[in-house]
Amino acid sequence: MGGTRADHGAEAKAAAGVQLVLELVARVPGFEGVYECHLFNEHEVLDHVFFWDVVQETVRSYLGEGEADGPDWREVLAFLEEETRRAVPGALEVIGTSFLYKLPYEGQPGYGIEAHLGPAMRQLYLEIRPWYGAQAAVPAKVPDPQG
């Protein structure tokens, strides 16, 4: 049997989430080791789980605490902005629920990175955290890793 239309839609969304992970790893240097560790631990690509590490590595980079060969937060945001503009179902859900939703809140280390989101991601972020709108008008200063 071929399954229902809903089954095919769910499969397409799942595939889009996995494809988002694969493209991120291919296009943004510094995620190869995280990806290999993820596959070793999970035995498959779990897009939402992988994106927890993406958030952590991106915030570390923003704070100037990332590894020298780790991902650059600007490249991560640029890639995810492109993908948000594409609005592929499945990938968009991963970006919204497993990246934007997991960004630091006010008072947490890394808060301020959200002020550097591109227009498409900012719109999605404001759907998730509508109270942020008034604060988003002025980008936060990027922390100086030298102190």
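When I speak of a helix this morning, I mean a DSSP run of H or I that is at least four residues long, and the helices are numbered from the N terminus. In that sense A120, a residue I will come back to towards the end, has its place in helix α6.

Let me say at the outset that what we are looking at is a predicted model. Averaged over the protein, the pLDDT is 88, and 85% of the residues score at least 70. Confidence is highest in α4, at 98, and lowest in helix α1, residues 5-27, where the mean is 85.

Turning to the overall fold, the protein has six helices and zero strands, so that the pattern read along the sequence is α-α-α-α-α-α. The protein has 147 residues, of which 38% count as buried. If we take the contacts with a separation of 6 or more, 67% of them are between residues 24 or more positions apart.

I would like to begin the detail with helix α2, which spans residues 32-42 and whose buried residues are V34, Y35 and H38. Which side of the helix do they take up? They lie on the same side of α2, because the arc that they cover around the axis is only 100°. In general, an α-helix has 3.6 residues a turn, so residues three or four places apart point the same way. On the other side of α2 we find E36 and F40, both of them exposed.

Just after α2 comes H43, which takes a positive phi of about 70°, although H43 is not a glycine. This histidine lies in the loop between α2 and α3, and because its relative accessible area is 67%, over the 50% cut-off, H43 counts as exposed. A second residue other than glycine with a positive phi is A87, where the value is near 55°. A87 sits in the loop between α4 and α5, and with a relative accessible area of 39% it is partly exposed.

Next, the loop between α3, residues 47-62, and α4, residues 73-86, which is where G70 is found. G30 is 40 residues from G70 along the chain, yet their C-alpha atoms are separated by 4.0 Å.

In helix α3 itself I would point to S61, which counts as buried at 16% relative accessibility. Apart from its neighbours within four places in sequence, S61 is in contact with G66, P71, D72 and W73.

Now to the largest pocket, whose volume is about 220 Å³. What kinds of residue line it? By class, there are eight nonpolar, two polar and two charged residues in the lining. Among the lining residues are W52, V55, Q56, V59, R60 and L63, together with K102, L103, P104, Y105, Q108 and P109.

P109, then, is one of the residues that line the largest pocket, and its position is in the loop between α5, residues 91-98, and α6, residues 119-128. P109 is exposed, with a relative accessible area of 62%.

Finally, I return to A120 in helix α6. Its relative accessible area is 18%, which is under 20%, and therefore A120 is buried. With neighbours within four places in sequence left aside, the contacts of A120 are with E81, T84 and R85. The C-alpha atoms of A120 and E82 are separated by 8.4 Å, the two residues being 38 residues apart along the chain.

Note on methods
Residues numbered from 1 in each chain as written. Predicted model: local features only at pLDDT ≥ 70, side-chain atom pairs only at ≥ 80, totals over all residues. Heavy atoms only, no water. Helix = DSSP H or I, 4+ residues; strand = E, 2+ residues; numbered from the N terminus. Buried < 20%, exposed > 50% of the residue type's maximum accessible area, 1.4 Å probe, protein only. 1 Å grid on protein atoms, 1.4 Å probe; cavity = no way out; pocket = protein on both sides within 12 Å on 5 of 7 lines; lining within 4 Å. Points joined across faces, edges and corners; volume = space filled by probe spheres on them. Nonpolar A, V, L, I, M, F, W, Y, C, P; charged D, E, K, R; others polar. Arc of directions from axis to C-beta. pLDDT = per-residue confidence, 0-100. Contact = heavy atoms within 4.5 Å.
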